[in-house]
Number of protein chains: 2
Amino acid sequence: MNDSVLNDSVLSEITGPHRYRNAEAMLAHGERVWLRAAESGLLNIQVDHESNDRLIVRETGHEFSLLCSCSYLGLNHHPKIIEGAVSALRKAGTTGLSIAEIRVRLNLLVELEESLRDLYGAPALPGVSCSVLTAGILPLVASGHIGGGGPRVMVFDRFCHFSMAYIKPICGDESLVLSCPHNDLNYLEDICKKYPRVAYVADGAYSMGGRTALEGLLELQNRYGLFLYFDDSHALSIEGPRGEGYVRSNIEMNPLTLIVGSLAKGFGASGGVAMLGSEKDFQFLYRNAGPVTWSQNMDVPAIGACLASADLHRTPELGQLQAKLRHNIDVFDQRFPTRFSGNGLPIRLIEVGDEDLAVRLSEQLFRAGYYCSAVFFPIVARGAAGVRVMLRADFAPERLDNFCDVVESLMVSA
Amino acid sequence: MNDSVLNDSVLSEITGPHRYRNAEAMLAHGERVWLRAAESGLLNIQVDHESNDRLIVRETGHEFSLLCSCSYLGLNHHPKIIEGAVSALRKAGTTGLSIAEIRVRLNLLVELEESLRDLYGAPALPGVSCSVLTAGILPLVASGHIGGGGPRVMVFDRFCHFSMAYIKPICGDESLVLSCPHNDLNYLEDICKKYPRVAYVADGAYSMGGRTALEGLLELQNRYGLFLYFDDSHALSIEGPRGEGYVRSNIEMNPLTLIVGSLAKGFGASGGVAMLGSEKDFQFLYRNAGPVTWSQNMDVPAIGACLASADLHRTPELGQLQAKLRHNIDVFDQRFPTRFSGNGLPIRLIEVGDEDLAVRLSEQLFRAGYYCSAVFFPIVARGAAGVRVMLRADFAPERLDNFCDVVESLMVSA
């Protein structure tokens with residue numbers, strides 16, 4: 001059979017229901033703008049690394065600062081973390097055992113589990129990335145095996161990170177999946193009133209700025225037994241006395257709360273971690289959480305880097321780096337007031353509205369030595385395009401001043 | 001609302017359709033046997049590494065060989081690969097940039113892309129793991145954005161690895177998803193006759209032994225334009241003059257074929273790779289393949305380990321290791337004829353049928369110094385439990401002889 005004899009009924013039989021995703025619709029818009037960014041030289045930039053403020057394009061010699069790195073504390077190039085990876089490799093003498101961790105695992109990984117458990121005050125499950133943890137765990141929240149009691153209505157905040165929204169269809173095979181307007185507690189409470197078991201899926205700190213409505217959510221948890229699933233990747237390490245992140249440093253853990261976070265952002269290493277609300281979930285997830293259970297988990301250098309970073313999180317250096325970051329955020333907020341000014345998080349959006357304008361601003365900044373990504377639908381809502389600025393603790397004050405001057409002059413001339 | 005007032009209609013509204021998965025049904029069986037293995041001391045074994053044949057339980061001093069590692073060539077502890085990871089860390093001075101690779105990426109990663117492209121004779125997309133590549137790519141095969149022409153009926157081989165079956169619900173939101181009896185070409189051809197665009201999803205070498213029906217599949221591809229998606233993780237490095245794996249070393253790439261593989265098994269490093277059939281898919285997937293596009297890709301030590309391993313794949317040492325592995329497989333096959341004897345792959349199942357017997361055999365072998373995993377439903381069919389033996393090139397001949405003797409004596413006494 002070929003396309004020319006395709007009739008509508010065959011086509012509709014082939015096409016999925018598009019309940020949670022529609023690649024064609026996403027790409028129709030997204031690809032156009034990606035390609036526009038590519039034409040402007042803002043994609044596929046290939047660099048050597050001297051520091052986060054000195055990336056070098058080998059062919060042209062062009063040097064620039066990275067202002068869209070998630071390494072908010074600059075720990076990605078901390079000598080202790082690099083040496084942690086090296087010494088783990090030397091000590092273990094292997095990249096990894098290439099077997100499911102639930103069967104046999106290195107004491108080095110066990111050390112990391114214990115170090116993270118101590119750091120976060122909760123059973124801590126490591127994973128090869130934060131999104132892999134989410135892919136493994138969320139469907140078991142939907143089925144009720146984490147949280148208990150049977151299938152649970154899964155309510156995804158409309159702004160929650162792609163890594164969680166991506167898993168909606170898998171959750172949807174286990175239970176009812178709904179979307180919730182961003183931070184809309186009334187909407188969420190109505191769902192809690194209607195259904196006996198509900199889970200809410202959200203970012204702790206959102207990748208486009210802003211926070212989850214934590215206080216109200218805890219009230220709903222108390223009142224209705226609402227399960228809370230947070231990805232707090234963008235606040236991990238940069239908030240909390242031990243870098244526990246926004247959510248963990250403001251709540252007590254309980255069996256109806258689970259927090260995942262990336263260890264490749266503020267934490268400066270690789271992989272991800274799930275802070276669990278229940279001791280028995282730790283072994284259960286190691287056995288049953290899909291991709292978490294297959295044979296590839298964190299490799300030895302990643303474990304070593306994480307161990308070194310966790311140690312560093314217990315020293316006064318963490319607080320010093322957090323303070324430097326906060327200072328940079330404050331300076332930026334004074335120069336460019338945005339709706340998130342003063343919230344203490346490092347992600348800022350300089351909104352320009354039009355997608356082409358956003359790409360042009362990003363292009364001009366890059367020429368001036370600063371790479372900030374242009375963001376647009378579907379990363380932000382249509383018509384809300386802009387340039388995303390991600391501040392770092394290791395961004396030198398004089399360089400920050402210069403950056404702000406450059407942005408200002410470009411905005412005036414636009 | 002609480003459970004006591006739950007009526008059937010609310011419960012059925014909450015519960016998902018269970019089209020592709022049912023955690024409750026899987027766990028009801030699987031957990032019982034996992035826990036049986038745990039009671040026998042076969043789970044959560046925590047070790048120090050001296051070599052793949054000398055893992056040491058610190059508390060007891062018990063030493064054993066790992067016979068369920070996927071490091072088939074023993075490359076996980078090859079000094080050149082360890083040093084590759086170390087020197088990449090030293091050279092780059094960072095664990096990673098913590099930004100989406102499509103925007104800015106290290107020349108080191110570009111070098112790896114080019115090295116793998118050369119090795120496999122195809123555009124090669126790196127990923128943080130093989131299953132992450134599958135999670136990102138398969139839904140775009142379903143939607144027709146890889147392979148072209150519009151939505152495609154996705155036919156999953158019933159034995160294909162969990163990492164692919166796991167993505168069924170996501171694919172199912174884009175297109176019709178079907179299952180196919182293992183290696184059943186007639187069944188598959190009927191589907192090709194019924195629908196205009198079909199993709200078949202399979203392992204190249206199966207994780208329980210055996211191969212895909214490659215020749216017949218290529219005929220179906222020629223005749224019907226069948227898209228072929230293979231995970232060849234269990235043959236990568238161990239077959240082909242440059243370790244291209246079973247599938248790649250037996251086919252020419254074309255836009256209707258895509259092969260993914262783990263770089264953490266035979267390859268001895270970390271991460272995964274997708275060999276693409278079309279040049280334009282490379283950038284397209286970097287932009288749009290879900291988890292591949294987010295900010296965590298391969299970290300610097302993983303890139304370094306992979307670069308070193310890729311170099312090693314170009315030396316005569318690869319052939320020597322492949323030959324050693326083949327010799328070990330032949331020796332085992334002579335002692336324990338199984339239905340896969342002579343197929344050259346390193347995975348063998350000593351079938352005992354009963355789950356408890358399988359666990360007991362695994363337990364006795366472990367005491368004798370050999371860890372082979374007991375496998376049972378849902379990893380294999382019900383009633384087909386056994387002990388999985390995974391042979392390695394670095395398993396010394398005298399040790400292999402001893403292992404075979406031990407198995408034999410235990411089988412006789414059982």
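Author: A salt bridge is counted where a side-chain nitrogen of Lys or Arg lies within 4 Å of a carboxyl oxygen of Asp or Glu. The structure discussed here is a predicted model, and the term is applied to its coordinates below.

Reader: What makes the pair B:Arg21 and A:Glu174 a salt bridge?
Author: The side chains of B:Arg21 and A:Glu174 meet with N and O 2.8 Å apart, and because the cut-off is 4 Å between an Arg or Lys nitrogen and an Asp or Glu oxygen, the pair qualifies. The salt bridges between chain B and chain A number 7, whereas a search of the whole structure over all chains finds 47.

Reader: Which part of chain B gives the most to the side that touches chain A, and how is that side made up by class?
Author: Helix H3 of chain B, residues 79-92, gives the most, with 8 residues. By class, the side of chain B that touches chain A holds 58 nonpolar, 37 polar and 22 charged residues.

Reader: How many residues are in contact between the two chains, and how much area is buried there?
Author: In chain B, 117 residues are in contact with 118 residues of chain A, where contact asks for heavy atoms within 4.5 Å. The area buried between the two chains is about 9,500 Å², with carbon and sulfur atoms giving 52% of it. On the side of chain B, the residues that lose the most area to chain A are B:Ile14, B:Arg103 and B:Asp173, which together make up 9% of what that side buries. Between chain B and chain A there are also 68 residue pairs in polar contact, counted with both residues at pLDDT 80 or more.

Reader: What are the values for B:Glu219 and B:Arg223, and where do the two residues lie?
Author: B:Glu219 has 43% relative accessibility and B:Arg223 has 48%; because exposed means over 50% and buried under 20%, both count as partly exposed. The two residues lie in helix H9 of chain B, residues 214-224, and are 4 residues apart, about one turn of the helix.

Reader: Which parts of chain A are tied together by A:Arg314 and A:Asp118?
Author: The closest N and O atoms of A:Arg314 and A:Asp118 are 3.0 Å apart, in a salt bridge. A:Arg314 lies in the loop between helix H12 (300-312) and helix H13 (316-335) of chain A, and A:Asp118 lies in helix H4 (residues 107-120) of chain A, so the pair ties together parts that are 196 residues apart in sequence. A:Arg314, at 31% relative accessibility, is partly exposed, as is A:Asp118 at 40%. Both residues belong to a network of salt bridges that links A:Asp118, A:Arg242, A:Asp311 and A:Arg314.

Reader: What is the phi of A:Ser98, and where is its place?
Author: The phi of A:Ser98 is near 55°, a positive value in a residue other than glycine. Most residues other than glycine have a negative phi. The place of A:Ser98 is in the loop between helix H3 (79-92) and strand E4 (104-106) of chain A. With a relative accessible area of 9%, A:Ser98 falls under the 20% limit and is therefore buried.

Reader: Which residues have the most contacts inside the largest nonpolar core?
Author: A:Phe403 and B:Phe403 have the most contacts inside that core, which has 299 residues. B:Phe403 touches, among others, B:Leu67, B:Phe332, B:Tyr370 and B:Phe395, leaving aside residues up to four places away in sequence.

Conventions
Residues are numbered from 1 along each chain as its sequence is written. Chains are lettered from A and ligands numbered from 1 in the order in which they are written. This is a predicted model: local features need pLDDT of at least 70, side-chain atom pairs count only at pLDDT 80 or more; totals for chains, interfaces and linings use all residues. Side-chain values use heavy atoms; hydrogens and water are left out. A nonpolar core is a set of buried Ala, Val, Leu, Ile, Met, Phe, Trp, Tyr and Cys residues joined through side-chain atoms within 4.5 Å. Buried means under 20% relative accessible area, exposed over 50%, partly exposed in between (1.4 Å probe, protein chains only). Buried area is the accessible area (1.4 Å probe) that two parts lose on being put together, summed over both. A polar contact is a pair of N or O atoms within 3.5 Å; within protein, one must be able to donate a hydrogen and the other to accept it, and residues adjacent in sequence count only if both atoms are side-chain atoms. Ala, Val, Leu, Ile, Met, Phe, Trp, Tyr, Cys and Pro count as nonpolar, Asp, Glu, Lys and Arg as charged, and the others, Gly among them, as polar.
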